[in-house]
Amino acid sequence: MSRYRGSVVDSRFVEYYVIPFLRNFDEQAMELTDICRRIAMKVNWPHGNWPLVAPGATSYFFFIAEHDEELILAPALAGTSLLPLPDLVHEMAHPLVRNSARRQTILGDWDRDEFVHDRVMATVGDITFGQMAAHHWLAHGVEEIACDVIAAWVCGPAYAWQHIRWCCGQRDGSSVYEDGDYHPPDHIRFEVIMRTLPHVAPAAEVDELTSAWDAVIGADEGQVQQPESGQQRPELYPPALVLELTDEVIQGCLRVGILPFPEELEEDDPRSAFDKAWREMRTDPRGYHDRSL
Ligand SMILES: [Zn+2]
């Protein structure tokens, strides 16, 4: 029976990921993969491999394939815009955090299940809810937060701008992914990014980001809905605990030697293209013309 289940999973993987991947592995896919490679070189990426990237016809966001951590599925038209590409680094970080021999160096104590369990239980208080929260942190939260820290550390403000862009029109407490329980709510992710950015970005731009976030989330303040009851995701992430892990991963980036987003970007650095695109978008949104890679 288990062998049967295993083969069903295998065939689904081939059907959902490998076939679309092969079908879509074209010039655009090679360029996206090359962007990952070039960023990895610039920042001294500590994992030998970075995933291949292929635009998948059905994916709306970037995501790492479920059973193959060497593969990022990208939105079908990913190569036609520079603005969302900082998200690639979040996906590159998943295999780094999940499997790398450096996981412990990056996460510190948060690499240990008992530590995560105890910290979450101690912060959340309620035993039943605490168990659920601890389970959630172990399954998703620690890794997602770590990937956001690493992406903000490497991509700087462009990563925050693209997060704000995704969140336009979302209600407070929700997640753009609408995926039930996988990701922390958008505002928690923003807090993680904003805790990381002062290490790598000018204070003026950090302030600008805060105002932009307030404008996006406060835009329809009259209609802001609270998360539906039973959807307790925001409560799963006490801010103090989130920031504690964020600080640990920032130190982890230093320990493992990932170079931070630099003050001066070199011309051949893909992050320089992201940065320029976002600068143009902000100064003249109506006149902005997106460029392909
Ligand atoms: Zn993720």
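Which residues in α7 are buried? Keep that in mind while loading the model, which is predicted.

Select helix α7, residues 157-167. The buried positions in α7 are Pro 157, Ala 158, Tyr 159, Ala 160, Trp 161, Gln 162, His 163 and Cys 167. That is eight of the 11 residues, so α7 is largely enclosed by the rest of the structure.

Next, select the sheet. Three strands make up an open sheet, and their order is β1-β3-β2. The pairing in this sheet is mixed. Because β1 and β2 (63-64) are at the edges and each has a single partner strand, one side of each lacks a neighbour in the sheet.

Now show α2 (27-43) together with β1 (52-55). Helix α2 lies across β1 and β3. The direction of α2 is at about 145 degrees to that of β1.

Last, go to the loop between α2 and β1 and select Asn 44. What is the phi of Asn 44? The value is positive, about 65 degrees, although Asn 44 is not a glycine. Most residues other than glycine have a negative phi. Is Asn 44 buried or exposed? Asn 44 has 10 other C-beta atoms within 10 Å; a residue counts as exposed at 12 or fewer, so Asn 44 is exposed.

Technical notes. Residues numbered from 1 in each chain as written. Predicted model: local features only at pLDDT ≥ 70, side-chain atom pairs only at ≥ 80, totals over all residues. Helix = DSSP H or I, 4+ residues; strand = E, 2+ residues; numbered from the N terminus. Buried ≥ 20, exposed ≤ 12 C-beta atoms within 10 Å, placed from the backbone. Pairing = 2+ DSSP bridges. Contact = placed C-beta atoms within 7 Å. Axes fitted to C-alpha atoms, helices over the stretch in contact; angles between N-to-C directions.
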